[in-house]
Amino acid sequence: MGKKHKDGKDGKKAKKKKSHEDVSGTGLATAVVNAARSMRTVLSRNLLATGLYAGQDGVILALAEEGGLTAGALAARLGVKAPTMTRTIGRLEAQGFVERRPDETDGRLTVVHLTEAGRASVDRITEAGRLSERQAAEGLSEKDVRHLLKLLRAMDENLHAAMPDTRGEKAVAEDI
């Protein structure tokens, strides 16, 4: 039997789930953005030995997985705008990591492919990513990391579901 307190109730308080309104203003967005920014900074530092910058690694890894992609397909896959991808591809091409070639079936399209140097960088990029993840997870248990990943994926799904459809709906910021 549980220990009784002065008020006659046992020591166990009923856990009340907080509503989303109760936790607003707790800095969730700030914490997530700061952690992402810190992760990006550490990844950039860990990528220095490869001659790449954060952002370029995603292009190389996507090309390693797919073989060759158009700039538009790369932009969509990595969630960036086409002009950003075009600049990134230009820099990677100047560094010798990628090359652009006409599509074999549709001459109107240009497909980005890894060069030998690009393919050689994949293992170093992967290791830089692993090192960054180990640094970020230091002091966390394996269970903590799995739970964190689950929560971050759920947040990502919630945020994607909340994004306005681009067919005429306006964003919340337009109402402010």
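In this predicted model, 3 strands form an open sheet in the order β1-β3-β2, with antiparallel pairing. Strands here are DSSP runs of E of at least two residues, and helices are runs of H or I of at least four, numbered from the N terminus; two strands pair if DSSP finds at least two bridges between them. The edge strands, each pairing on one side only, are β1 (68-70) and β2 (98-102). On average, neighbouring strands of the sheet are turned by 35° against each other, direction ignored.

Between β1 and β3 (residues 110-114), which run antiparallel, there are 3 bridges. Gly68 stands opposite His113 in β3. Helix α4 (residues 71-78) packs on this sheet and touches β1 and β3, contact meaning heavy atoms within 4.5 Å. The direction of α4 makes about 90° with that of β1; axes are lines fitted to C-alpha atoms, for helices over the stretch in contact, and angles run from 0 to 180 degrees between N-to-C directions.

I turn now to the whole chain. Its secondary structure comes to 7 helices and 3 strands, running α-α-α-β-α-α-β-β-α-α from the N terminus. How many of the 176 residues count as buried? The share is 19%, where buried means under 20% relative accessible area (1.4 Å probe, protein chains only).

Finally, a note on conventions. Residues are numbered from 1 along each chain as its sequence is written, and side-chain values use heavy atoms, leaving out hydrogens and water. As the model is predicted, local features need pLDDT of at least 70 and side-chain atom pairs count only at pLDDT 80 or more, while totals for chains, interfaces and linings use all residues.

Note on methods. Buried means under 20% relative accessible area, exposed over 50%, partly exposed in between (1.4 Å probe, protein chains only).
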